[in-house]
Amino acid sequence: MYIVQVASELAPIAKIGGLADVMMGLSRELKWKGHEVAIFLPKFDCLEKKYLTFKHEPAQPVTTYFQGQWYAGGMEQAKLNGDLTITFYDSHHPKKFFHRGCIYGESDDNDRFLHFSRAVVDFLHAQERVPDIIHVHDWETAIIACLIREPEFRAHFAKTKTVLTIHNFDYQGRCSPHNLDDIGLHSHECMTAEQFLDPITKDGNLLKGGIMYADHVVTVSPTYAKEVLTPQGGKGLDQVLRACSNKFVGILNGLDYSYWNPEIDRFIAHHYTHKDTEPKRRNKQATLHEFGMQYRQDKPLLVAIARLVPQKGIQTLKALFAQAESLGIQYFLLGTAPDPRVHEDFAQIAHAYADHPDIRCVLRTEESLAHKLYAASDMLLVPSEFEPCGLTQLIAMKYGSVPIVRRTGGLADTVFDMGDNNVQNGFCFNSMQSSEAFHAIQRAVEIFVHDQKKWHTLMKQGMEYDFSWNKPTDSYIALYEHHS
Ligand code: ADP
């Protein structure tokens with residue numbers, strides 16, 4: 001099959017969260033399974049270019065409709081890690097949509113991603129080759145599922161199927177009718193037909209439009225797929241999803257083990273396997289030393305690696321700084337907070353613990369440090385209020401770091417405590433009360449300190465489990481091939 005993937009993130013060159021990892025892992029696995037995969041991404045000025053090799057060819061021109069005019073732009077190709085081919089859209093629009101030093105967070109994000117989506121459709125429309133599948137991700141590119149069914153594109157894409165994967169229902173792309181007009185849709189028709197009408201605000205909703213038009217809608221774990229059918233989980237879209245239940249499914253994300261793997265990880269000093277975890281100890285020593293912390297064999301190192309947004313249980317992540325000592329752990333938090341007030345809160349904590357022998361709070365995005373922390377840590381905490389899939393617990397397990405998670409969404413599908421009817425690979429708790437998370441940490445520390453044999457069994461269960469993209473990719477292929 002010829003599969004086109006369109007998104008706003010791709011690891012490791014344009015990464016904010018799990019979407020980036022999914023784009024890379026799924027695309028690679030599809031390629032390994034013999035499919036042709038084309039990936040489209042905006043040419044952000046903040047791309048991590050060191051992983052890319054641009055082709056020595058001029059960009060292919062593309063002309064795109066936006067706000068009543070046609071704008072020139074270019075599609076430029078590059079290889080990622082000598083493997084995947086990425087096509088980057090560079091816009092010549094005077095607003096320099098992708099030259100903002102960031103991926104998201106601009107007041108005109110709607111314009112930026114709608115313009116990108118329309119450019120991809122204009123480009124594909126001008127090609128002879130027609131994709132079998134166009135797979136779009138989240139609100140940023142969801143509009144493509146609708147655009148290709150417009151009269152000017154419909155015939156060309158008649159045999160193309162669209163799949164929309166929703167990585168988080170918290171982000172829906174609320175918009176105004178004029179945003180739809182800007183890329184050539186007729187908002188009065190879209191809104192009266194209720195395709196894009198937000199059920200609560202009665203404004204436009206790009207994610208809802210994608211759900212209405214896509215041939216298949218996926219979210220990233222079976223449990224989250226159930227949770228979003230409830231008013232609390234669906235964030236206003238639960239009824240819409242229930243009405244589309246025949247085309248809505250949960251497929252658990254995988255992990256790219258050619259990238260997340262302690263046997264070959266390029267960012268860690270000492271490689272190790274589930275058969276010999278001894279070098280893991282040296283990674284712990286090295287990372288603690290790098291941050292001026294003390295190496296303690298008797299204390300587990302617990303890490304949390306997360307975007308510091310309410311979804312991630314920031315109250316508990318914060319409260320743990322004061323509790324770490326009494327719980328008998330070393331605690332390392334790596335995160336960034338898009339909300340300046342939350343950032344300020346954590347910046348004060350970072351300052352207060354800057355010289356502490358057992359505690360660190362580092363507020364930046366740093367891929368290499370994340371890898372080092374997975375390799376160094378004994379435990380990983382994920383106290384999320386909701387978690388569509390969650391990748392950090394999967395990565396942690398591969399690196400022999402035992403996850404302690406709140407039983408929700410994809411966390412509930414992948415981490416099993418004693419008595420969960422599966423082989424235990426971690427610790428779970430149910431409530432959002434910090435005390436419950438601390439109790440689960442206590443149970444983990446107890447085993448770490450008093451029963452190293454059992455601890456190693458827990459580590460190994462996680463390390464040996466197959467959370468690769470192999471099975472999830474087969475599920476996606478089945479969906480791509482499904483005849484409705
Ligand atoms: P989400 O997509 O909601 O952010 P996931 O658990 O699905 O959460 O994915 C998070 C990804 O982002 C993981 O690969 C994790 O290692 C990475 N990550 C989160 N915060 C940071 C950070 N500050 N520095 C480096 N990597 C980070």
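Helix 12 passes helix 13 in a left-handed crossing. Left-handed here means that the near helix is turned anticlockwise from the far one by less than a right angle, and right-handed that it is turned clockwise. Helices are DSSP runs of H or I with at least four residues, strands are runs of E with at least two, and both are numbered from the N terminus.

Before I go on, the basis. This is a predicted model, in which local features need pLDDT of at least 70 and side-chain atom pairs count only at pLDDT 80 or more, while totals for chains, interfaces and linings use all residues. Residues are numbered from 1 along each chain as its sequence is written, and side-chain values use heavy atoms, with hydrogens and water left out.

Back to the helices. Two packed helices are described by the angle between their axes and the distance between the axes. The axes are lines fitted to C-alpha atoms, for helices over the stretch in contact, and the angles run from 0 to 180 degrees between N-to-C directions. For helix 12 (residues 314–327) and helix 13 (residues 340–352), the axes come within 11 Å and cross at roughly 15°. Helix 12 is therefore roughly parallel to helix 13; angles under 35 degrees count as roughly parallel, over 145 as roughly antiparallel, 65 to 115 as roughly perpendicular, and the rest as oblique. Helix 12 contributes Ile314, Lys318 and Phe321 to the contact, and helix 13 contributes Val342, Asp345, Phe346 and Ile349. Contact means heavy atoms within 4.5 Å. By class, these residues are 5 nonpolar, no polar and 2 charged. Ala, Val, Leu, Ile, Met, Phe, Trp, Tyr, Cys and Pro count as nonpolar, Asp, Glu, Lys and Arg as charged, and the others, Gly among them, as polar.

How does helix 12 meet helix 17? The axis of helix 12 comes within 10 Å of the axis of helix 17 (residues 434–450), and the two cross at roughly 40°. That makes helix 12 oblique to helix 17, and the crossing is right-handed. On the helix 12 side the contact is made by Gln315, Thr316, Ala319, Leu320, Gln323 and Leu327; on the helix 17 side, by Ser434, Ala437, Phe438, Ile441, Gln442 and Val445. This contact has 7 nonpolar, 5 polar and no charged residues.

Now the whole protein. There are 19 helices and 18 strands. Of the 484 residues, 59% count as buried, meaning under 20% relative accessible area, with exposed over 50% and partly exposed in between (1.4 Å probe, protein chains only). Among contacts between residues at least 6 apart in sequence, 71% join residues at least 24 apart.

Two single residues next. Asp122, in helix 2 (residues 109–126), is buried at 9% relative accessible area. Not counting residues up to four places away in sequence, Asp122 touches Val62, Thr63, Thr64, Tyr65, Trp70 and Phe153. Tyr171 sits in the loop between strand 8 (161–166) and strand 9 (174–175), and is partly exposed at 35%. Beyond its neighbours within four places in sequence, Tyr171 is in contact with Trp139, Leu207 and Arg307.

Last, the backbone. Most residues other than glycine have a negative phi, and most peptide bonds are trans. Which form does the peptide bond from Ala11 to Pro12 take? That bond is cis, with omega near -5°. Lys235 has a positive phi of about 50° and is partly exposed at 25%. Asn421 has a positive phi near 70° and is exposed, at 78%.
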